[in-house]
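The following briefing is intended for a reader who is new to this structure. Please view the sequence and the model together with the notes below.

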Amino acid sequence: MADPPGCCRSCATCLLCLYSCQWITAKKEKRKGLTTTKCDCSWFLFLFCVFLFTLVWLYFAIIILNDFHNFNEFIFKQQKLWLDWSLFLLIATAVLITYSAVLLVLALCLQLCGQPLKLHWLHKTLLIITALVVAAAFTGLGIKWAEEWRSAHISLQATGPFLHIGVVGGMTLLAWPLASVIYRTRNTGVKVFLLSVYCAVMIALYLAPLGITSPCIMEENQLPPKPALVGHRGAPMLAPENTLMSLRKAVDCDVQVFETDVMVSTDGVPFLMHDEKLTRTTDVQAVFPERAAMNSTAFNWTDLQQLNAGSWFLERRPFPTVQSLSHGDRIQVTRQRIPSLEQVLEAAKESNISIMFDLRPENHSDYQSFVNATLEVILQSGIPLQQVLWLPDGFREQVKQQVPDVQQIYGRKRLQDEKEPLLRVNLPYQDMSSEEIRQYRHDNISVNLYVVNQPWLFSVLWCSGVSSVTTNACQVLKEMKHPIWLLPSSTYLMIWIVVDCVSFLMILWAFLLLK
């Protein structure tokens with residue numbers, strides 16, 4: 001078989017060497033009578049499927065970065081080992097997608113050059129391993145982190161229009177090797193099958209925008225106000241979580257609400273702590289090694305004040321932003337202690353910032369005394385009660401009676417037979433659709449969604465009309481003056497028509513050129 005015009009013999013030889021892992025020159029290929037068999041075609045199809053499979057996983061890997069800090073915390077609780085596992089995820093995914101993409105490009109180039117697709121057994125083995133690794137990753141995601149499937153669905157509202165353009169472009173480029181295969185194939189049935197499948201896929205892609213919905217496809221004058229920012233445990237990318245330094249950094253980020261978690265010591269002092277144990281965010285293993293495994297509420301206030309609540313931040317670097325801290329901030333980090341609720345309320349009052357907290361653990365036998373101790377501190381602090389957002393469900397009616405001016409915020413959606421209308425809800429961002437957000441906004445219900453760190457997600461929720469978001473990345477979202485993208489429906493329609501027309505003309509050109 002002669003080399004097609006534009007494909008030199010040395011290039012074809014190099015491609016064969018890389019794909020087949022053996023040095024086969026064009027003359028030897030002819031002499032040996034090597035041709036692409038049905039088995040080779042099957043392996044090419046498998047390669048194409050593995051590439052698509054890995055590409056989808058890459059998309060998921062990028063999406064779940066918004067919530068990956070939760071995964072790091074989960075691993076620490078299980079293994080007592082802190083690492084930023086997102087780096088391993090991205091590196092492994094990049095290796096897999098690069099390998100399958102290079103092989104696919106080699107195969108397409110070989111097809112254009114009219115060379116046989118003799119995939120080496122080593123590549124076959126590695127492709128099978130790649131498919132198994134990605135399948136295991138998806139399985140683990142579905143078992144341990146099922147809510148991320150809903151995150152992926154939300155992400156399509158941000159990426160759908162651009163994914164459509166990318167997929168149309170990729171399928172358009174595929175017209176060249178496809179035309180080459182069709183013109184070389186003598187079997188009429190195969191030709192009809194390939195053309196039918198390709199045409200069906202392209203027609204579906206051309207019509208796909210009819211099913212693409214995004215809250216950011218709207219006119220500029222319809223854009224809702226920018227959501228307020230709620231600091232998740234303060235500003236945990238800039239300071240140790242649940243510390244006074246974290247609160248001050250959150251204030252610098254124009255955060256309107258400081259979200260935190262409250263526990264009560266054995267001697268009745270409410271203090272800030274998220275985890276049941278002190279090991280992740282203090283040096284309890286060094287100060288009280290024999291008591292390190294005890295729950296946070298098993299310590300008295302005197303013991304808690306002996307613990308350092310900042311050094312871990314520099315040692316474990318929970319976020320990449322830790323590396324960019326100034327010398328002064330690093331010194332301040334090492335001086336952080338566990339703050340009491342009283343200290344935090346005083347700082348919130350001075351900064352004119354609201355505070356929203358959960359009271360943990362709700363299954364504790366002395367939970368009612370925890371509620372009483374917390375209410376007592378709130379009333380004695382002198383903070384305006386309108387600045388306090390009460391999140392715990394336990395003994396909520398008692399709280400309403402004792403401090404009716406405290407704002408009640410609920411961790412659930414409203415019920416159909418709601419006795420008292422909800423004014424504020426606090427939910428995971430995966431739990432509310434854009435339509436629900438718009439309806440709640442229409443009914444004057446304030447919606448806060450957590451935890452929102454990535455600009456793409458913040459943009460979608462902004463366009464949907466959410467009231468506020470809880471975030472780890474207040475310093476990033478603060479700088480956003482506009483959603484990442486906003487398209488009027490007329491502009492989107494024009495882009496859709498242009499992309500489809502250009503794609504159709506390029507496909508037509510490919511089949512006429514290679515005829």
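R414 is partly exposed, at 33% relative accessibility, a class that runs between buried (under 20% relative accessible area) and exposed (over 50%), with a 1.4 Å probe and protein chains only. The side chain of R414 meets that of D443 in a salt bridge (2.7 Å, N to O); the term denotes a side-chain nitrogen of Lys or Arg within 4 Å of a carboxyl oxygen of Asp or Glu. The model is predicted: local features need pLDDT of at least 70, side-chain atom pairs count only at pLDDT 80 or more, and totals for chains, interfaces and linings use all residues. Residues are numbered from 1 along each chain as its sequence is written, and side-chain values use heavy atoms, without hydrogens and water.

**The pair D443 and R414**
- D443 lies in the loop between helix 18 (434-442) and strand 8 (446-450) and R414 in the loop between strand 6 and strand 7, so their pairing ties together parts 29 residues apart in sequence.
- Helices (H or I, at least four residues) and strands (E, at least two) are DSSP runs, numbered from the N terminus.
- D443 is also partly exposed, at 30% relative accessibility.

**Salt bridges of K400**
- K400 is buried, with a relative accessible area of 17%.
- The side chain of K400 forms a salt bridge with E397 (3.5 Å, N to O), and both residues lie in helix 17 (residues 396-402).
- A salt bridge also joins K400 to E420 (3.4 Å, N to O).

**The whole protein**
- The protein holds 21 helices and nine strands.
- Of its 515 residues, 49% are buried.
- The salt bridges number 17.
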